[in-house]
Amino acid sequence: MALAFSTDPAVRWMYPGPETYLEYFPQFVTAFGGRAFECGTAHFIGDVQAAALWLPPGVQPDEEDLMNLFERTVPEQDREVLFAIFEQMGNYHPHEPHWYLPLIGVDPIQQRKGYGSILLAHALRTCDAAGMPAYLESSNPENIPLYQRHGFEALGTIQVGNFPPVTPMLRRPN
């Protein structure tokens with residue numbers, strides 16, 4: 001994930017310096033999507049050239065750890081914007097049972113080989129079999145066409161201050 005998100009606009013807004021990014025981004029991954037490991041819903045390709053951390057219905061990111069991490073690692077002047085972004089993300093988050101994809105990433109030298117599509121298609125088969133929607137927030141506008149090809153629709157745009165736009169997206173089951 002650290003390689004995949006090294007140029008992600010939102011993540012690098014939070015951790016613009018290479019040292020802070022490398023130190024704190026792994027902790028962000030654990031707080032935001034780490035419960036996928038506990039649930040057995042973390043999917044990988046090969047030697048982790050690509051990974052997707054899916055949270056099943058009823059499982060959420062560790063909000064307490066996430067907020068503690070932000071308090072410790074994000075400059076005070078940026079926290080208000082960051083907390084507002086996460087609040088708006090919560091406003092878009094579906095209330096009905098759904099699968100949530102907090103993080104999906106492909107090693108930059110492995111991109112454009114279809115790994116993201118493989119990971120999405122694999123999990124979306126589970127969503128469709130259960131008749132459940134899937135939800136994500138795209139923090140990188142370049143990834144929106146990929147998600148749209150897999151049936152996700154943009155619900156709006158989240159933007160606060162100088163934080164890069166985040167696009168919440170929902171996919172209904174097929």
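For sorting lining residues, Ala, Val, Leu, Ile, Met, Phe, Trp, Tyr, Cys and Pro count as nonpolar, Asp, Glu, Lys and Arg as charged, and the others, Gly among them, as polar. This is a predicted model, where local features need pLDDT of at least 70 and side-chain atom pairs count only at pLDDT 80 or more, while totals for chains, interfaces and linings use all residues. Residues are numbered from 1 along each chain as its sequence is written, and side-chain values use heavy atoms, with hydrogens and water left out.

First, select Ile104, Gly105, Asn140, Asn143 and Tyr147: of the 40 residues lining the largest pocket, these lie nearest its centre. (A pocket, on a 1 Å grid over the protein atoms alone, is an open set of points where a 1.4 Å probe fits, with protein on both sides within 12 Å along at least five of seven lines; lining residues have an atom within 4 Å of a point.) By class, that lining has 23 nonpolar, eleven polar and six charged residues.

Next, pick Met14, Phe28, Phe70, Phe86 and Phe163, which have the most contacts inside the 36-residue largest nonpolar core. Such a core is a set of buried Ala, Val, Leu, Ile, Met, Phe, Trp, Tyr and Cys residues joined through side-chain atoms within 4.5 Å.

Last stop: helix α4, residues 63–73, with Leu66, Leu69, Phe70 and Thr73 buried. They share one side of α4 because they cover an arc of only 100° around the axis, taken from the directions from the helix axis to the C-beta atoms. Buried is under 20% relative accessible area and exposed over 50% (1.4 Å probe, protein chains only); helices are DSSP runs (H or I, at least four residues), numbered from the N terminus.

Note on methods:
Helices (H or I, at least four residues) and strands (E, at least two) are DSSP runs, numbered from the N terminus.
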